[in-house]
Amino acid sequence: MITILAIESSCDETSASVCRDGVILSNVIATQAVHEQYGGVVPELASRAHMQNIVPVVDEALKKAGIEKTELSAVAFTQAPGLIGSLLVGAQFAKSLSLALDIPLIAVHHMQAHVLANLIPEEKPSFPFLCLTVSGGHTQIVLCESATQMKVLGETIDDAAGEAFDKTAKLLGLPYPGGPLIDKYAQLGNPDRFKFPEPQIPELNFSFSGLKTSILYFLRNAGTSLVYKEEFLASEEQQRQFIAENLNDICASVQQRIISILLNKLKKASQQTGIKQICLAGGVSANSGLRKAFTEMGEKYHWKTFIPSFEYCTDNAGMIAITGYHKFLANDFASLSVQPSARAEW
Ligand code: KG4
Ligand code: ZN
């Protein structure tokens, strides 16, 4: 029996999970509310909150799974990428446990773990599969040849899809993280009301910074133009009123454009590779519009589609645990000298 304890602390979620032979027994997530008032994650506050949370979160994950520390086969942790101070908390904790219990240590790449969250449910994709990973920091199309072999086929050249959601929300005066709120308002709006441009980016890469600029100009002109024209500048009061009166339609229209940018590239990737087993992953795959459009596209092109359940889309240790399990099977262990890293090559 292989029993893995996994720890995720790359950003603003402290999470621990226990997995036994590839089955997740517990997945405890402590979300840090402290950042809401700042409109984004404050790294120093995140590290402190991880230090406060890590012991109770790990204890709860073990308790929920009904597992004693002495039953653990290995401890896995998120090594990269992420906020360095946050990663250090999880890494040091995992190393200490590995040393104290004399069990192997497994270093996990956060983005690979997002992809492998698709191996958690009973019905899993078969290899090779494609995965569109959309999170607050990344937007990638990954070719997954096996649980330990992955290749990035395309990625964003500027903002991530989650950032596009969060920055749009900020322009609309909504609190951080704005993605879930845009999702909520979009469900009540008309997605065809406002037309935002789709960037022409080569290959399988993405860009979202142009969209952000066009939204900014659109709001500054209170909806009369997507182009920045000084003479059309609306007053702040006019902008606020325009947003208040059209919030649902703006959210629906922006969300529709973000989704079409993502799915058009995914369609291209499937055509180029001939692969029809296709997964979603990452925090933005919690978006209800994206889930629906992805499923519909799958039906149209005869794909077999997979989306992790909500709790395994946003940052969680369950995905670190399943990745740790596959690394255990592949004998891929880390030494105690392994260091966390803010950026990480694949
Ligand atoms: O994967 P994740 O939890 O953290 C990172 O590794 O970045 O993704 C967080 C991102 C945030 O940008 C958040 O706004 C976005 O996922 N997000 C959503 C939704 N839920 C989370 N974006 C759009 N619609 C949602 N329902
Ligand atoms: Zn993530």
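Student: Where does A222 lie?

Tutor: A222 lies in the loop between α6 and α7 (236–273). Helices are DSSP runs of H or I with at least four residues, strands are runs of E with at least two, and both are numbered from the N terminus. This is a predicted model, in which local features need pLDDT of at least 70, side-chain atom pairs count only at pLDDT 80 or more, and totals for chains, interfaces and linings use all residues. Residues are numbered from 1 along each chain as its sequence is written, while chains are lettered from A and ligands numbered from 1 in the order in which they are written.

Student: OK. What is the phi of A222?

Tutor: A222 has a positive phi of about 50°, although it is not a glycine. Most residues other than glycine have a negative phi.

Student: And is A222 buried or exposed?

Tutor: A222 is buried, because 20 other C-beta atoms lie within 10 Å. The cut-offs are 20 or more such atoms within 10 Å for buried, 12 or fewer for exposed, and partly exposed in between, with C-beta atoms placed from the backbone.

Student: What about E203, where is that found?

Tutor: E203 is found in the loop between α5 and α6 (209–220). Its phi is near 55°, again positive in a residue other than glycine. E203 is exposed, with 12 other C-beta atoms within 10 Å.

Student: New topic. In what order do the five strands of the open sheet run?

Tutor: The order is β3-β2-β1-β4-β5, and the pairing is mixed. Two strands pair if DSSP finds at least two bridges between them.

Student: Which strands stand at the edges?

Tutor: β3 (23–31) and β5 (105–109) do; each has a single partner strand, so one side of each is left without a neighbour in the sheet. Neighbouring strands are turned by 20° against each other on average, direction ignored. Axes are lines fitted to C-alpha atoms, for helices over the stretch in contact, and angles run from 0 to 180 degrees between N-to-C directions.

Student: How many bridges join β1 to β4?

Tutor: Four bridges join β1 (residues 3–8) to β4, and these strands run parallel. I4 stands opposite A74 in β4.

Student: Now the ligand. How many residues surround ligand 1?

Tutor: 19 residues surround it, and the closest are G136, G162, G179, G283 and N287. A residue counts as near a molecule or strand if its C-beta atom, placed from the backbone, lies within 6 Å of it. α4 (161–171) and α5 (179–186) each supply at least two residues of the shell.

Student: Which domains give residues to that shell?

Tutor: Domain 1 (3–117 + 312–329) and domain 2 (125–306) both do, so ligand 1 lies between them. The domain bounds come from an automatic or database domain assignment.
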